Amino acid sequence: MEAIVLAAGYSSRANAFKMTLPLGKMSVLEQTISKFEGLCSRVIVVAGFQAELIQEEIVKINNKNAYSFQIKFVYNENFNQGMFSSIQKGCNEVNAPTFFITPGDCPLVKKETVQLIAEHKGNVVIPSFHYKGGHPIKLSSEVKQKILETNPQSNLRVVLNSYEKKYLNVEDPGVLMDMDTPEDYQTAVQYYH
């Protein structure tokens, strides 16, 4: 399997560049990436806004040599067109028959949750906590093809609506926790500890 980690957006509401903020002994980005250890052969990180910071962060992560997967840095020059353009950029790189997609600021998902999603069959597998869908989602190569053929002005929800979605209820509030604001980051730090 492979994973696409979306790290291209503006951190407009977070006031700081959130991907490189510390969370425990790692950055937010590394916490997110680390969950794919043992499941993915490659993690594709799509950067855009302040891409050089993401690139530096990946160099730091690679220098630790801690992971069994390869991290591939991809630059989306059209990141200002929105998240779907970054999803398409990432999908261009995917070779595996199934793959994950997650925003880079979803660092609190449990590794066991990602394992459960990996084992669940279906074109579209979405973890949910208290019946609300979260991340990471798992998609098939059939969905990947559809994403690549879709107008870049569209969005992922539109693509996924033409497939049966398999929701996997998990006891993991981390699937819903992202970091859009400074308050979200504080909550994440407290939850982590």
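Colleague: Which residues does V45 touch, not counting residues up to four places away in sequence?

Modeller: Happy to start there, with the reminder that this is a predicted model. V45 touches V5, A7, L29, I33, I54, I58, I71, K72, F73 and V74. V45 is also listed among the residues with the most contacts inside the largest nonpolar core, which has 30 residues.

Colleague: Which element gives the most to this core?

Modeller: That is α2, with four residues. Other elements giving two or more residues include β1 (2-7), α1 (28-34) and β4 (42-47). A second, separate core has 21 residues, including I87 and L156.

Colleague: What makes E30 and K64 a salt bridge?

Modeller: The N to O distance between their side chains is 2.7 Å; the cut-off is 4 Å, so the pair qualifies. E30 sits in helix α1 and K64 in helix α2, 34 residues apart.

Colleague: Why is E30 called buried?

Modeller: Its relative accessibility is 3%, and buried means under 20%, so E30 counts as buried. K64 has 44%, which lies between 20% and 50%, so K64 is partly exposed.

Colleague: How do you know that K72 forms a salt bridge with E93?

Modeller: Their closest N and O atoms are 3.8 Å apart, and that is within 4 Å, so the pair counts.

Definitions and conventions: Residues numbered from 1 in each chain as written. Predicted model: local features only at pLDDT ≥ 70, side-chain atom pairs only at ≥ 80, totals over all residues. Heavy atoms only, no water. Core = buried A, V, L, I, M, F, W, Y, C linked by side-chain atoms within 4.5 Å. Buried < 20%, exposed > 50% of the residue type's maximum accessible area, 1.4 Å probe, protein only. Contact = heavy atoms within 4.5 Å.
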